[in-house]
Amino acid sequence: MAKKLDEMFPSEIVASLDKYIIGQAEAKKMIAIALRNRTRRKKLDSVLREEVTPKNILMIGPTGVGKTEIARRIARLANAPFIKVEATKYTEVGYVGRDVESMVKDLMASAVNMVNDEMAKLKEEDVSRAVDERLLDLLLPAVKKETGEGTVQSSDSSTREQFRQMLHNGVFEDKLVEMNVTPSSRVEIGVLGNGNSMDDIQEAMNSLGSIFQRPKKKKISIKRAREIIREEETAKAVDRDKVLEEAKIRTEEMGIIFIDEIDKIASGNRVSSGEVSREGVQRDILPIVEGTRVNTKWGVIDTTNILFIASGAFSMSKPSDLIPELQGRFPIRVELSALSVDDFYRILTEPENALTKQYAALLATEGVTLDFREDGLRRVAEIAYQVNGDTDNIGARRLHTVMEKLLEDVSFKAEEYQGQTIAIDRAYVDERLDFIASNEDVSRYIL
Ligand SMILES: Nc1ncnc2c1ncn2[C@@H]1O[C@H](COP(=O)(O)OP(=O)(O)OP(=O)(O)O)[C@@H](O)[C@H]1O
Ligand SMILES: [Mg+2]
């Protein structure tokens, strides 16, 4: 899985999503194509490239069928800058709160971190060497004093080598050394929430902070000293300008913004009085999706080629409740389908993070082996499906409540079952859940 997103073919992207998300083939396919198209676009000559803009995607589907999960998994794949934001977090320009331009800043921030990490990795060896030397200087101050700068006598250098070996073996981890430490200059000010210009103010405060906060001599452990020194040396080794340049290119050419819960800012037929205008937020989003230039502390970011994926359940509203201009800017619609009993069974067993694997691993830590049988899990899937039908349909999230109830007993009294293997078969499931599941009023409260 070392392959980077921009080198993956659509089928490979789908395959890696398949590891975690069951079904929803159409949505996976459309997203994979959109992602690949950006790589293709990068290879065009510059005249044509200017003409090709990404086709934004709107994902529609009932609650709990994997919309957000798809976004989460793409985020793990992406070496393209990616952020997931909730549409409900934003307020119209002029109101207290976060305005929509901040999503572009967040995207750029994630790109800066990403590129910074990558470049730091390239310099890792140099940095490690420098860190070792400085740690040794801290451990061997006397030696340094005697020999003066530069000239190291052979006996001293052999001591140093000995110390280096011991340092690597972790002998000194808790040893205290004296070192100049600059107090962390991050000043958190949360007066107005995370407003727009607050970033800039924070920056200003930080630089002010570093004037007032002179480095202080402190006694700290080698372990802590290593962290601090590594940070300093990494900052020294990585060329900040190069990082910003690369991060800006990646943000503009490969950036992806996933706007979740977009249906919650559709006004629908409910007239919302007194609250921050949702339509206003939609209108604010328009230019960003269309392509505009956003001022950030790292420079101006052009959003024309950022890919937007919006997603929402649209249970209380319809896509057509979004203002038309916004609808038009998400030309690709994909519907995610409701999940079947069989999907539920597969969700329980197949994904790499499947619930059954999670519970088995959790209880294994206390010496209890859970043996999930097929008939038992099929029954769990049926019950979850049935309860979804009888009460509210919350999709695959129902599996969480059902499984929790099913394993309540073992989870609570794991110590009594230590060393045992517990077979979760149909009888086990029925014994614990049948009464609840077959009684609608009871399941409304319990499952
Ligand atoms: N198709 C699926 N495959 C595997 N797991 C799934 C699938 N759909 C849902 N899940 C599980 O259900 C949970 C909820 O899904 P998710 O967060 O994607 O819902 P959603 O579609 O975004 O719903 P909402 O509209 O309420 O936000 C996930 O954490 C995941 O474990
Ligand atoms: Mg969601």
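Reader: Which residues of helix 12 are buried?
Author: Helices here are DSSP runs (H or I, at least four residues), just as strands are (E, at least two), numbered from the N terminus. A residue is buried if 20 or more other C-beta atoms, placed from the backbone, lie within 10 Å of its own, exposed if 12 or fewer, and partly exposed in between. In helix 12, the buried ones are R278, V281, Q282, I285 and V289.

Reader: Within what arc do the buried residues of helix 12 fall?
Author: The arc covers the directions from the helix axis to the C-beta atoms. Seen down that axis, the buried residues line one face of helix 12, because their arc is 95 degrees.

Reader: Thanks! What pLDDT do local features need?
Author: Residues are numbered from 1 along each chain as written, with chains lettered from A and ligands numbered from 1 in written order. This is a predicted model, where totals for chains, interfaces and linings use all residues, side-chain atom pairs count only at pLDDT 80 or more, and local features need pLDDT of at least 70.

Reader: Which residues come nearest to ligand 1?
Author: Near means a C-beta atom, placed from the backbone, within 6 Å of the molecule. Helix 4 (residues 67–77) gives the largest share of this shell, three residues. Of the 18 residues around ligand 1, the nearest are T63, G66, K67, T68 and A396.

Reader: Is R333 buried or exposed?
Author: R333 sits in strand 9 (residues 332–335). Since R333 has 12 C-beta neighbours inside 10 Å, it counts as exposed.
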